Amino acid sequence: MYLDNAATTPVRSEVLTAMWPFLTSDFGNPSSHHRVGEAAAAALLGARQSVAHVLGCRPGDVIFTSGGTEADNLAIKGIALGSPRGRHLITSSIEHEAVLQSCDYLHRLHGFEITLLATDAAGLVDPDELRATLRPDTTLVSVQYANNEVGSVQDLSALAALTRAARVPLHSDAVQAAGWLPVNVVDLGVDALSLSGHKMGAPTGTGVLFVRGRLPIEPLLHGGGQERGKRSGTENVAGAVAVATALRLAEGERLQAATSVARLRDTFTERVLRDTPGARLTGHRTRRLPGSASFVFPGTSGEAVLLELEARGVVCSSGSACAAGSSEPSHVLTSMGFSADDAQTAVRFTLSARTSEQELETAAASVHESVARIRRIAR
């Protein structure tokens, strides 16, 4: 069974159907002024309008990207360099590397000072700490909506109230949130929002960045001036149609899926904590993504547990797929106060709307057996 949906999801059949014409018959360049090109341009506009409808923004505020990493890079570097009122950035210590590395680039090459907000043991940022770190020269705040490793969900509206009062733009990496949490940018109060297509049923290599139109943004890619001059390069029309379709479908199913999957997650979590001695839940107990259940299993190795689980037919991960193969403990867990040794024992299970109760019963039993075997070997 596949319980690694935070890493990637299968492409939905509806998405394949929607994008197929733009990989075959309607293959035109949307900048070309002929029938084939105009058909592609119309599809691109339709995709932009569809995304804008879900996000509650203007179509012109939607930029299609190659995924969440590019969207994060464009938001942070683009806004910081577009019209900086200073050289100070604020982000959290548990962000995805796409955010942290973008901030590090701005520090190393452009002299920006970076303030990292700490989190509590559940992975939540304290709005009072953000209030205390905002300065007259702060150019941008970037705090993720939901964490990719432990699933904790930030109170973006509370953070946005502070940044809005200080007249500082707020960006949020919402890659894990789409399809599970509301992503209306007006309600959230954000000025920029990153999404990734392959987390919600579109192919890899597709993504979206919302940037409020009033914000100047320096492009990462220069050339023909596509995407209103914010991302040059011939547009991936099929990819734009794919991510727009996936987002529309995910939003339409969100309330029902979130309710049913959260119930299954809670039952699975209770079984793991009950049946596996020493297991500890990571992240907030209730303020977490509906499909996210993450644990540490002291006295084991997370990678060893993964191998045991896969041998029993359970596919999951030890944390962020983008950090796979790293020998370092998770920066997310160590920032939340876990020891380096315990952080090395992390295992993450991420569900989908297709995950069944029977599958999770089997998975919970497999966790118990796998952890017990690894501990016996270690002894």
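This passage describes the overall build of the protein and then a handful of its residues.

The structure is a predicted model, in which local features need pLDDT of at least 70 and side-chain atom pairs count only at pLDDT 80 or more, while totals for chains, interfaces and linings use all residues. Residues are numbered from 1 along each chain as its sequence is written, and side-chain values use heavy atoms, with hydrogens and water left out.

We can start with the overall fold. The protein contains 12 helices and 10 strands; helices (H or I, at least four residues) and strands (E, at least two) are DSSP runs, numbered from the N terminus. Its radius of gyration is 21 Å, close to the 21 Å that the globule rule gives for 379 residues, so the protein is as compact as a globular protein of that length. Here the radius is taken over C-alpha atoms, and the globule rule is 2.2 Å times the number of residues to the power 0.38. The C-alpha trace spans about 70 × 50 × 35 Å along the principal axes.

Of the 379 residues, 56% are buried. Buried means under 20% relative accessible area, exposed means over 50%, and partly exposed lies in between (1.4 Å probe, protein chains only). The protein exposes about 15,600 Å², with carbon and sulfur atoms supplying 53% of that area; accessible areas come from the Shrake-Rupley method with a 1.4 Å probe, and for residues only the protein chains shown count as cover. Among contacts between residues at least 6 apart in sequence, 74% join residues at least 24 apart, where contact means heavy atoms within 4.5 Å. As for charge, the mean positions of the 35 positive and 39 negative charges are 3 Å apart. Lys and Arg count as positive and Asp and Glu as negative, while His and the chain ends are not counted; each charge is placed at NZ of Lys, CZ of Arg, CG of Asp or CD of Glu.

The domain assignment gives domain 1 (13–250) and domain 2 (254–378), with bounds that come from an automatic or database domain assignment. The centres of the two domains, taken over C-alpha atoms, are separated by 28 Å. Across the boundary, 29 residues of domain 1 are in contact with 26 residues of domain 2.

Leaving aside neighbours within four places in sequence, Asn5 contacts Pro10, Thr350, Leu351, Ser352 and Arg354. With residues up to four places away not counted, Thr8 touches Tyr2, His198 and Thr204. Thr8 and Thr350 are 342 residues apart in sequence and 10.0 Å apart in space, C-alpha to C-alpha.

Ser317 lies in the loop between α9 (302–311) and α10 (331–335) and counts as buried at 8% relative accessibility. Its C-alpha atom is 6.7 Å from that of Leu306, 11 residues away along the chain.

Val261 lies in helix α8 and is buried, at 1% relative accessibility. Its contacts beyond four places in sequence are Trp180, Pro290, Gly291, Leu351, Ser352 and Ala353. The C-alpha atoms of Val261 and Ala353, 92 residues apart along the chain, are separated by 6.2 Å. In strand β4 (residues 138–142), Ser142 is buried, with a relative accessible area of 1%. Ser142 contacts Ile76, Ile90, Thr91, Ser92, Glu95, Val99 and His171, leaving aside neighbours within four places.

Glu227, not a glycine either, has a positive phi of about 55°. Glu227 is placed in the loop between β7 (207–211) and α8 (237–275), and is buried, with a relative accessible area of 7%.
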